[in-house]
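This briefing accompanies a structure and is arranged by topic. Please keep the structure in view while reading the points that follow.

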Amino acid sequence: MEFADTADQAELRGVVRAFASRYATPELVRTATASPIGYDRQIWARLSTELGLCALAVPEQHGGAGAGPREVAVAVEELGRVLLPAPYLSSAIAALALTRAAEDSAAAAERYLPGLADGSVIGALALDADVTAADGAVTGTARNVVDGAAAGLLLVRCGDRLLAVAAADARVVPLDTLDQTRRQAVADFDRAPALDAGSAAYPIALHRVLLAAECVAAAEHCLDATVDYLKMRRQFGRPIGSFQVLQHRAADLAVAVTEARATAQAAVWTAAADPAGLAALAPLAALHCSRTFLQVAAEMIQLHGGIGFTWEHEAHRYFKRAKCTQLLLGPVSALRAEIGREAGLLSAVD
Amino acid sequence: MAPPDEDTFRAEVRSWLAANLTGEFAPLVGTGGPGREHEFVPERMAWERRLGDSGYIGLGWPQSEGGRELPWGHQVIFYEEYARAGAPGRVGHMGEQLLGPTLLMFGTAAQRARFLPGILAGTQLWCQGYSEPGAGSDLAGITTRARLDGGEWHLDGQKVWTSLAHVADWCFVLVRTDPAAERHRGLSYLLVPMRQQGIEVRPIVQLTGTSEFNEVFFDDARTGAEDIVGAPGDGWRVAMGTLGFERGVSTFGQQLGYQREFEAVLATARATGAIDDPDLAGRIVEAWVGLQVMRYTTLATLVPVAGRAPGTEANVVKLIWGPWHQRLGELAVDVAGPAATVVGPGYQLDDAQRLLLFTRAETIYGGSAEIQRTVIAERKLGLPREPR
């Protein structure tokens, strides 16, 4: 198990981090979140063409760079660190899912992967879907489709399979979201043409793993920003970070972030090297890292005091992202039960 | 001599343990660990000599000093296999893990020649004289003093929480040798023989009802003028220089021990039906999650600093395993239910009860959780020091 970036990954991280910090300005976040699609098309274009991030997940034969989950995770982390509003996570998972599915049925991969690679097609996951499929068509509704309004391709969960549906063949209605940096839509399908996109298990696991990685990067930012504030803010004639009660709270956050970082790295490594090993690890990483992110984001608000409660300060966006991520991952009890079953701790029949 | 490859070494250790944890040593399996350090002490002293005879002490020490100079990975393998076999808690660890590295780093050639062979052979046991009733977290506040008189150091004062003081041959003691100097500047690191008139050892009865620690009273205790590590006044630097070694390589074996304990809790939960209780089942899963997270964290943070005295990585890891182990202790009795309220004759504890009680020590000894947090805040996060 490898925890450190390779040299190439470290270089990629530096490039994406510089890009993300340049563009994730308060103005961008405001305009992007005010638009119906929830992101800025120009930034998306630069992200996909100049940086080639969308190509990372796509094999070379389909116009991609043929990288894998570890490189995608680097991009997800660095965009997530600053909560850059862009439909990258969804689209990258769609690309990785279609790549894997191509081993069995190539139609969906051939149709969509080239567009996913150059960023002209955005993919979204409709995992919470109440749909039926018959004769190559799908009917029903999908809720909480993250980045659904931006997407040209919807991967719709139907039982234990995924179906690839062109967004143009669905009725997609954008939703206003609690976390404005990550938008959602509801999608209705009425006999929409659908291609098989493989087993749902791997994309679901990958989704959890990459969300875990994103949570950790965002939590790291919350911790860094909070520590900076504790050093700078003075009360009672000294920096508040010199008060032991606050030092100890910051130390607890540092410990939690260290644990979450290692867990997400283990999960990302496993997603790349040993996907079968994700059965218990993917829900574990999702549970643990989303919980840590929420803890750190909540403490970020508290340790910033009044300024942390304002709309202009960034803390609320992290807190909202953390809580919404946790909500979309499903109840903690369900994740625990799944981990318990997959790890052989609890019996399979409950 | 080049070391054997890791797989060969693992097989060697495993078969040695299987062959040697038999006969007189068979009853030692599972004994002597945290909370059980008072058990089978004479037998574990014999076990220590067996380890020494076979070259399993000082695995990482230089060959020129009698060690095997094995790489870090081999040492981890030894601790893993040792834990997997349930081999007994070491009575020689103070000598091997603390004093030995201290002498290797700060000792004179004469000190190394005099003391290292006994540690390597498992024939000479050491204890540590740091904490005092008035100097716990604030270790620099120690008041045990020593003065040089007639070619000997004379010690007066009291140490506390001294493991194995009643069987140790020697004690490494942090003492104040310059009463005029400020705090840690006036301290020295002395090597003191335990079997002498001026030393009295009294066991401390812990909340487990057993005694693993002692008080040690020095009343004009003596040691040779040459039995000082570093110069007079250097004691703080010497003691701190090797404190980190206490939290290094053995962490990996420790986690295999935790895995065994977790499995025992799980087995109890299945036997009692506690596993069908949703709250307890959830806590069992969380304990397992915590175990995996701890393993990943150790691999991600301690392995890269392998072989060096760890920095704040060790403080972070300690803040993880202590509280995790305490929660496991609480879970262990919760899955047992009301039966866990009854002890054996003479306040005899079962494994679950012992785990519940002994783990309370683990956020106190070796630097309390509060001290760890302060270290992390100041050294890892760079927060400004609190005025003190």
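In this predicted model, 29 residues of chain B are in contact with 33 residues of chain A. The points below begin with that interface, then turn to the domains of chain A and to one helix in each chain.

**The side of chain B that touches chain A**

- Helix H8 (278-301), helix H9 (312-336) and helix H11 (369-380) of chain B each contribute at least two residues to the side of chain B that touches chain A.
- H8(B) provides the largest share of this side, with 13 residues.
- By class, the side of chain B that touches chain A consists of 19 nonpolar, five polar and five charged residues.

**The two domains of chain A**

- The domain assignment divides chain A into domain 1 (7-199) and domain 2 (203-342).
- The C-alpha centres of domain 1 of chain A and domain 2 of chain A are 23 Å apart.
- Between them, 25 residues of domain 1 of chain A are in contact with 21 residues of domain 2 of chain A.
- On the side of domain 1 of chain A that touches domain 2 of chain A, helix H4 (69-81) and helix H5 (88-101) of chain A each supply at least two residues.
- H4(A) gives the most to that side of domain 1 of chain A, namely nine residues.
- The side of domain 1 of chain A that touches domain 2 of chain A comprises 15 nonpolar, four polar and six charged residues.

**Helix H5 of chain A**

- H5(A) contains 14 residues, and its first and last C-alpha atoms are 20 Å apart, close to the 20 Å expected at 1.5 Å a residue.
- Because 13 of the 14 residues of H5(A) are buried, this helix is largely enclosed by the rest of the structure.

**Helix H5 of chain B**

- Helix H5 (residues 109-121) of chain B has 13 residues, which should span 18 Å at 1.5 Å a residue; the end C-alpha atoms are 18 Å apart, so the two values agree.
- H5(B) bends by about 30° at B:Phe115, and the proline B:Pro117 follows within four residues.
- The buried residues in H5(B) include B:Phe115, B:Leu116, B:Ile119 and B:Leu120.
- An α-helix has 3.6 residues a turn, so residues three or four places apart point the same way.
- Helix H2 (41-53) and helix H4 (93-106) of chain B are among the elements that cover the buried residues of H5(B).
- After H5(B) comes B:Gly122, which has a positive phi, near 75°.

How values were computed: Residues are numbered from 1 along each chain as its sequence is written. Chains are lettered from A and ligands numbered from 1 in the order in which they are written. This is a predicted model: local features need pLDDT of at least 70, side-chain atom pairs count only at pLDDT 80 or more; totals for chains, interfaces and linings use all residues. Domain bounds come from an automatic or database domain assignment. Two residues are in contact if their C-beta atoms, placed from the backbone, lie within 7 Å. Ala, Val, Leu, Ile, Met, Phe, Trp, Tyr, Cys and Pro count as nonpolar, Asp, Glu, Lys and Arg as charged, and the others, Gly among them, as polar. The expected span of a helix is 1.5 Å times one less than its number of residues. The bend at a residue is the angle between axes fitted to the seven residues ending there and the seven starting there. A residue is buried if 20 or more other C-beta atoms lie within 10 Å of its own, exposed if 12 or fewer, and partly exposed in between; C-beta atoms are placed from the backbone.
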